[in-house]
Amino acid sequence: HTNTVTYVLSSATLDAAMDKTESGRKSKSGNSRQEEDQEGPLDKAARRQMERSWVKAEMAKWIQEVAVTKAGSSRQSNTTDSHFALVVEGSLLLICLAPGEGGDTELRAMFLGLALECQTVVCCRVSP
């Protein structure tokens, strides 16, 4: 019996996480609605950094899960085989593999390491 574990990086899950983070930031500040409007939303650079941090945290969690599952499988010969799949939307692929100064080499290495542990990797909404 094979168990398939699928990890998904999509803009929908990222947006939900960012909305939750921003609403938490506003409630912690205790600002009135008028003060929040003056403070404004996060600037692009701050949001991009938050996005990278969220993706890193998700990947770290998944890498740990894969390692624990594989270690458990190697210790017990009668365990269920687990197969891992990674589904990545194009916009998140760009965050993971961003080139140059805007890129994050640690995040890139994490992504590639996780992808190599997966039997299936699907990248969707990726233009040439």
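**Close-up views of a predicted protein model**

**View 1. Overall fold of the predicted model.** The protein has five helices and three strands, these being DSSP runs numbered from the N terminus (helices H or I, at least four residues; strands E, at least two). In order from the N terminus, the elements read β-α-α-α-β-α-α-β. This is a predicted model, in which local features need pLDDT of at least 70 and side-chain atom pairs count only at pLDDT 80 or more, while totals for chains, interfaces and linings use all residues. Residues are numbered from 1 along each chain as its sequence is written, and side-chain values use heavy atoms, with hydrogens and water left out. Of the 128 residues, 29% are buried (buried means under 20% relative accessible area, exposed over 50%, partly exposed in between; 1.4 Å probe, protein chains only). Among contacts (heavy atoms within 4.5 Å) between residues at least 6 apart in sequence, 79% join residues at least 24 apart. The accessible surface is about 8,200 Å², and carbon and sulfur atoms account for 53% of it; the areas come from the Shrake-Rupley method with a 1.4 Å probe.

View 2. Three strands in the order 1-2-3 make up an open sheet with parallel pairing; strands pair if DSSP finds at least two bridges between them. Strand 1 and strand 3 (120-124) are the edge strands, each pairing on one side only. On average, neighbouring strands are turned by 15 degrees against each other, direction ignored. Between strand 2 and strand 3 there are five bridges in the parallel sense, and A85 has T120 in strand 3 as its bridge partner. Helix 4 packs on the sheet and touches strand 1, strand 2 and strand 3, its direction making about 95 degrees with that of strand 2. Helix 5 also packs on the sheet, where it touches strand 2 and strand 3, at about 135 degrees to the direction of strand 2. Axes are lines fitted to C-alpha atoms, for helices over the stretch in contact, and angles run from 0 to 180 degrees between N-to-C directions.

**View 3. The largest nonpolar core.** This core holds 24 residues, and L9, V55, M59 and L86 have the most contacts inside it. At least two residues each come from strand 1 (2-9), helix 1 (11-29), helix 3 (44-75), strand 2 (81-89), helix 4 (90-97) and helix 5 (105-117). A nonpolar core is a set of buried Ala, Val, Leu, Ile, Met, Phe, Trp, Tyr and Cys residues joined through side-chain atoms within 4.5 Å. Beyond its neighbours within four places in sequence, L86 is in contact with Y7, W62, F111, L114, A115, C118, T120, V121 and V122.

View 4. Two aromatic pairs are found in the whole structure. In one of them, the ring centres of Y7 and F84 are 6.3 Å apart and the planes lie at 5 degrees, so the pair is stacked. The pair joins Y7 in strand 1 to F84 in strand 2, 77 residues apart. Rings of Phe, Tyr and Trp (its six-membered ring) pair if their centres lie within 6.5 Å; planes under 30 degrees apart count as stacked, over 60 as edge-to-face and the rest as tilted. Y7, W62 and F84 form one cluster. Y7 is buried at 4% relative accessible area, and F84 is buried at 1%.

**View 5. Surroundings of S82.** S82 is part of strand 2 and is buried, with a relative accessible area of 17%. Leaving out residues up to four places away in sequence, S82 touches N3, T69 and Q119.
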